Amino acid sequence: MSSRVPVPSRLSRSARSPRLRLTALLTAAAAFGAVGSASADTGGFGPLPPQNPATAANGVATMHGDSASSDTTPYAGPGTGAVSSSRTALASACPTVVIGSDGYPVTLCTTIFGETPTVHLLDPHSGDDLASLSVAKGNLFGGVYSYLDNDNDLVLVDGDDDLLRVGHHLQSNGNWELTVDQSLSLASVIPSGDSVVGLSPGWDGKVWFATQDGVVGTADTATGVVRALDLPAGEQVDNSISTVPGYTAVATDHALYLLTEGPDGTPQIDWRAAYDRGPGRKPGQLSWGTGATPSFFGPGNGTEYVTITDNAAPHENLLVYTTAGVPAPAGSATPSAPAQVCATPVLTQYPESGTEDAMIASGDSVFVTDTYGYPYPALPSGAPASVPSSASFDGGMTRVDLNPAGNGCSVVWNSDVASAALPRLSLGDDRIYTVTASGPMGLAGSDTFAAYHYAVVDPATGALESSSLLGIGLLDNPLQMTGTTGPDGTLYQGTETGVLAIRPSS
């Protein structure tokens, strides 16, 4: 691995915004499911991860809720009673829905025709598409992840390697407009043909990013300086990255990395933990390796541990490490070593298991969902053939709890609810919210005959508490994308063709 010389990068801002600004964009998919088997009292989950000062509020700031990627939210969801749903048709798959302090949902979508990343501003009451803005197209993973900053601007990286801040502005004529209010080029550290996959802000305001070919960098938006580190050759990043105070977690298709920021802002590796990547890409996954964005969690301050899944066959393993690691000897030039506290097979209720999802991680508990066999309508360019070539989709979920001493873990329950969306745990009402699928789940059937249901799962037992039909076919297919619950209890769920808004029936 090598570090790169810092290069001042082109920095521009629109005349419309006097502030120095940034923005980043892209699109993704994932999955979860359940119906309980064992029992255990939750004992309460949480805490939430620390609030990142550079993002919108926890629960609504990123695809996975927060910069720690905990997939939790402080807001209670629509509940177990009767619900109603409305659909905003956007002719796009919409994996990321974030909500700012002004209450307006912002969604990053990829158009069905042309696969163009597009930002949409939605009316929080009617769901109307108030404004849209298309950005330069990159590869599939390079059009997936983004976050909402503390000024309600969407931060993303486009296909031209520009780090953007997209703001929404009410015009004098009463119409809304989306504009690129800041642009910072990252091209000086990104090789030709590579592209940014994940990004997340650090606590000092610098934006961390990772490219598909393993460049990890920081962008200082005050100075325009971009610094980068090359991870070992041959390792690929296919998921987003996560940040908590002092640490950034990046998973490649070979290993989990915990990184810190050097004195000059250059990323440096604190420790590296290799994992079993299995014999190949499993059906229901988009790449060969872990399908998980790393998640930080813990019962104290929400940052004591970091977790991913491996890609072992026939069953993947949940892997949990302490963020502290094992310190290197005094005077040593080598990084510290990872300290693993948990490694256990999950989703063993099926002959095989695998996931393309991040975990729900909160307190001492981690929830892993099964996407094995899920029929994605498209794969990233260059994705290898799956091993085996095909499989049916079962869904399902496993809950794992760490031991109180933090030196091991155990499976609490396995569940068979066929979740077709990446669920989220509400710390506001201690429920897991997702969308389940039933009926034919082959590639044609999932878009034509499968039925999709709003579902509430009990995190204590994995039992299905309630289920309400949303619709049939591709209009309501959530494509294993995650839902976001707003402060008013509305659940916004991206689908293959737009965004569903699910609310309690009045």
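**Strands S7 and S8**

In which sense do strand S7 and strand S8 pair, and over how many bridges? In this predicted model, strand S7, which covers residues 105-111, and strand S8, which covers residues 117-122, pair in the antiparallel sense over 5 bridges. Within this pairing, threonine 107 has histidine 120 in S8 as its bridge partner.

**The sheet around S7 and S8**

The two strands belong to an open sheet of 4 strands, arranged in the order S6-S7-S8-S9 with antiparallel pairing. Strand S6 (92-99) and strand S9 (129-134) are the edge strands, each of which pairs on one side only. From one strand to the next, the twist averages 25 degrees.

**The disulfide between cysteine 94 and cysteine 109**

The structure holds 2 disulfides. A disulfide is a covalent bond between the sulfur atoms of two cysteines. One of the two joins cysteine 94 to cysteine 109, with an S to S distance of 2.1 Å. This pair links distant parts of the chain, for cysteine 94 sits in strand S6 and cysteine 109 in strand S7, 15 residues apart.

The link of cysteine 94 and cysteine 109 is right-handed, with 105 degrees about the S-S bond. Cysteine 94 and cysteine 109 are both buried, a term that stands for under 20% relative accessible area.

**The disulfide between cysteine 342 and cysteine 409**

Another disulfide joins cysteine 342 to cysteine 409, and here the S to S distance is 1.9 Å. Because cysteine 342 lies in strand S25 (residues 337-345) and cysteine 409 in strand S29 (residues 409-415), the pair ties together parts that are 67 residues apart in sequence. The link of cysteine 342 and cysteine 409 is right-handed, with 65 degrees about the S-S bond, and both of these cysteines are buried.

When the bonded cysteines of the protein are numbered in sequence order, the pairing reads 1-2, 3-4.

Why can strand S23 be described as largely enclosed by the rest of the structure? Of the 5 residues of this strand (residues 305-309), 5 are buried, and S23 is therefore largely enclosed by the rest of the structure. In a regular strand the side chains alternate between the two faces of the sheet. Both faces of S23 are covered, with Tyr305, Thr307 and Thr309 buried on one side and Val306 and Ile308 buried on the other.

Strand S22 (residues 295-297) is joined to S23 by 3 bridges, and these two strands run antiparallel; in this pairing, serine 295 stands opposite threonine 307 in S23. S23 is also joined to strand S24 (residues 317-326) by 5 bridges, again in an antiparallel arrangement, and here valine 306 stands opposite tyrosine 321 in S24.

**The protein as a whole**

Taken over its whole length, the protein contains 1 helix and 36 strands. It has 506 residues, of which 64% count as buried. Among the contacts in the protein with a separation of 6 or more, 61% are accounted for by residues 24 or more positions apart. The accessible surface of the protein comes to about 16400 Å², and carbon and sulfur atoms contribute 52% of that surface.

Note on methods. Residues numbered from 1 in each chain as written. Predicted model: local features only at pLDDT ≥ 70, side-chain atom pairs only at ≥ 80, totals over all residues. Heavy atoms only, no water. Pairing = 2+ DSSP bridges. Axes fitted to C-alpha atoms, helices over the stretch in contact; angles between N-to-C directions. Disulfide = S-S within 2.5 Å. Buried < 20%, exposed > 50% of the residue type's maximum accessible area, 1.4 Å probe, protein only. Contact = heavy atoms within 4.5 Å. Areas by Shrake-Rupley, 256 points an atom, 1.4 Å probe, with all protein chains shown as cover.
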